[in-house]
Amino acid sequence: MRRGISSVIFLRPTKNRENDVRPVLYRIGECKDCESLNAALRARIESLPESDIVRRHHYLGGRYENLYVALESIPKIRVILDLATAQAAHILNLPKKDLRMGWWLNVMRPGETTFAHTHDEDDEILAGAYYIDVPPHSGKLVLIDGARREEVQPRAGMYIFFAPNTVHEVTRNESGQARVSVGFNIGPAKVP
């Protein structure tokens, strides 16, 4: 894929350091030249009226981890979602038209965590996140596969993809600012 505005460069996935033979737990992509898009998304998300949040889900630790918003409320997010679907098609070796995406916002304020969970509740075949704003010390993504535990330090503009049955959590936000990300699940397109 070309480098430039709103392109994704797919980075080589990290392998488990102790045993290089085991499969990778995740793949990372990076949205190049997306700083101004991320700033616009952050500003829009901060100014969202309560009425634009159509559903909340996963009330844990005193907060809803998933905030569902109509696409029309944040139209610029379409770029991020389209790039994620294109990368999912590449990872899964499937045509993009054969995939559909469900997405939500995750705003993790200072002192908050995201508890361990999976995304294998329905027909998901790939899960992931895109990071809009990641202040220093705002938490690491922890992926768990049995005794295997890998920590990923997110950064703004980063995509991460993993199997929906991978247990994952986010460590405590020790910064003084909210960390903002988009969570998503990729599944097969519905047959008409």
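A polar contact here is a pair of N or O atoms within 3.5 Å; within protein, one must be able to donate a hydrogen and the other to accept it, and residues adjacent in sequence count only if both atoms are side-chain atoms. This is a predicted model, so local features need pLDDT of at least 70 and side-chain atom pairs count only at pLDDT 80 or more, while totals for chains, interfaces and linings use all residues. Residues are numbered from 1 along each chain as its sequence is written, and side-chain values use heavy atoms, with hydrogens and water left out.

**View 1. H119 and its polar partners.** H119 sits in the loop between β6 (114–117) and β7 (126–133); strands (E, at least two residues) and helices (H or I, at least four) are DSSP runs, numbered from the N terminus. Its side chain makes a polar contact of 3.1 Å with that of H168, and another of 2.7 Å with the side chain of N185. Is H119 buried or exposed? H119 is buried, at 8% relative accessible area (buried means under 20%, exposed over 50%, partly exposed in between; 1.4 Å probe, protein chains only). Leaving out residues up to four places away in sequence, H119 touches W104, E124, A127, P164, H168, F184 and N185 (contact means heavy atoms within 4.5 Å).

**View 2. A disulfide between C31 and C34.** The two sulfurs are 1.9 Å apart, and a disulfide is a pair of cysteine sulfur atoms within 2.5 Å. That rule gives a count of one disulfide. C31 is buried at 5% relative accessibility, and C34 is buried at 2%.

**View 3. Strand β2 beside β10.** Six of the seven residues of β2 (residues 26–32) are buried, so the rest of the structure largely encloses this strand. β2 pairs with β10 (residues 158–162) in the antiparallel sense over five bridges; pairing takes at least two DSSP bridges between two strands. Look for Y26 opposite F162 in β10.

**View 4. An open four-stranded sheet.** The strand order is β6-β11-β8-β9, with antiparallel pairing. β6 and β9 (148–152) are the edge strands, each pairing on one side only. β8 (residues 141–145) and β9 run antiparallel and are joined by five bridges, with L141 partnered by V152 in β9.

**View 5. Helix α2 and what follows.** α2 (residues 77–92) has 16 residues. Among its buried residues are I77, I80, L81 and L83. Just after the helix, N93 takes a positive phi of about 55 degrees.

Key
The expected span of a helix is 1.5 Å times one less than its number of residues.
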